[in-house]
Amino acid sequence: MEMITIDDLEIDYGRAILCELTGQDLTRNRQSVRLLDQTRHSSEYFFRSDEQGKPYIQNFAEGKRYYPITAYCLIHQVDYSTAIHELRQQYGLYDRHRSVAHPQRPKPQRQSKPISIAIDELPLSIYEQSLAQPERNGFYQYLSGFLGEDRASELFGRYRLGTSRRWLYEGMLATCFPQFDSKDKLRQIKVIPFHPLTGRRAKADQDARLWNQRRKRYEVDTGEKVWFAGKALAGDHKLNLQQCYFGEHLLAMYPQKTVALVEGESTAVVCSAIWSDYVWLATGGSTGGRWYDPERFAVFQNRKVVLWPDSEKFADWSQKAKALYGIASSLVISRYVEDNAPAGVGNVDLRDLLTWPRYTPREGKPIFGEVLPVKGNSTVYPAYEARILNLTR
């Protein structure tokens, strides 16, 4: 019997190798993993098969693909031949003295073609439960104080925002940001607590108390104050849920409007109240939900698109946006936030600049509620348009 080839090793045993390296049970296409990228929102994803039938991990941020043997080399810091030798020994694929395949170990059946897994949607009944008590919602209270109660209600309806008791923060409940896709299917529900005065989300070290369902009370929570609620609320952790852009359902409602894409959901909501001539969507994070995936960009086919990266993210978003070429009818990547963020202040976004100076110190205290003099019906973006990089095709 001939010794197993390198291709056979990766095709037949590649998933097992990658499972061991990542410490995860890899079962589905586009499953988020942490191999070399150990950040909270890893840009690495598992794919079960390429055109040869080999599983691999794709790093979308760096445009790199890691096959099982290469990944083994990188993690264990060995050369390629050593990795092959160790893996053949590990899986009993040859006896060192006879150099023949091990007759006792059954060979897994080869999977020659990748299988497309259907994306699940959440039942609307889950979302509908969040529509009560908007007056107890921290973000609703912020919008009411900032724009008025009528406008706050309008924005909540437009973006289908809801309320969750998961956290209690500054006496207010958390906000539900549902992700409805361009076909109006509910993909995910993201829950975040917001300060009713500043409109800022609660951080890990801030006192947003978590609801304990078993004890029926709020308790101290020292973890991250973001919850993707879909699988838990549906009661099915086997659902294949894939995120979409927040506000994506608005694309079908406003087919002629230019798309404006920002990072934060709250930023998209506030900006839509200031520049209503544009349809404002959010990625949900710098790398959140793989917003830069070409398949995700498909909803922008033949649309005019403007990207508004946060401070220090212009170069990163410019790189990721290359996948939009040939999809969007025109693409603009704005440097406005990058060029106008105050020195020494990190993580500035467009909402910060439109409502500045919310965090300018005055006698050691923040100032809240001072809004820049912008016109609500303006059909142009902020000043410094000359600093916008226009990539119209």
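Predicted model: local features only at pLDDT ≥ 70, side-chain atom pairs only at ≥ 80, totals over all residues.
Among the open sites, the largest pocket holds about 970 Å³ of space, and its lining is made up of 36 residues, of which Arg201, Lys203, Glu263, Asp310 and Asn347 lie nearest the centre. When the residues of this lining are divided by class, nine are nonpolar, 15 are polar and twelve are charged. Two elements, strand 7 (residues 186–192) and helix 9 (residues 265–274), each contribute at least two residues to the lining of the largest pocket, and the largest share, three residues, is supplied by helix 9.

The second largest pocket has a volume of about 710 Å³, and 25 residues line it, with Arg28, Ser32, Phe228, Leu241 and Gln243 lying nearest its centre. Two or more residues of the lining of this second largest pocket are given by strand 1 (residues 31–33) and by strand 7; strand 7 is also one of the elements that supply at least two residues to the lining of the largest pocket. The classes represented in the lining of the second largest pocket are four nonpolar, 13 polar and eight charged residues.

Empty space in a model can be located by rolling a probe the size of a water molecule over the atoms. With a threshold of 30 Å³ or more, the count of cavities comes to one, and about 30 Å³ of space lies in the largest cavity. The lining of this cavity consists of Gln179, Gln243, Cys244, Tyr245, Thr283, Gly288, Gly289, Trp291 and Arg296, which by class amount to three nonpolar, five polar and one charged residues. Gln243, one of the residues that line the largest cavity, is also listed with those nearest the centre of the second largest pocket.

Most residues other than glycine have a negative phi. In contrast, Lys216 has a positive phi, near 55°, and is placed in the loop that connects strand 8 (residues 209–212) with strand 9 (residues 217–219); its relative accessibility of 51% means that Lys216 counts as exposed. A positive phi near 55° is likewise found for Asn347, a residue of the loop between helix 12 (residues 336–340) and helix 13 (residues 350–354). Asn347 also counts as exposed, with a relative accessibility of 67%, and is one of the residues that lie nearest the centre of the largest pocket.

A further loop position, Tyr292, lies between strand 12 (residues 278–282) and helix 10 (residues 294–297). Tyr292 counts as buried because its relative accessibility is 4%, where the class requires a value under 20%. Between Tyr292 and Leu324 there is a separation of 32 residues in sequence, while the C-alpha to C-alpha distance in space is 8.3 Å.

Notes:
Residues numbered from 1 in each chain as written. Heavy atoms only, no water. 1 Å grid on protein atoms, 1.4 Å probe; cavity = no way out; pocket = protein on both sides within 12 Å on 5 of 7 lines; lining within 4 Å. Points joined across faces, edges and corners; volume = space filled by probe spheres on them. Nonpolar A, V, L, I, M, F, W, Y, C, P; charged D, E, K, R; others polar. Helix = DSSP H or I, 4+ residues; strand = E, 2+ residues; numbered from the N terminus. Buried < 20%, exposed > 50% of the residue type's maximum accessible area, 1.4 Å probe, protein only.
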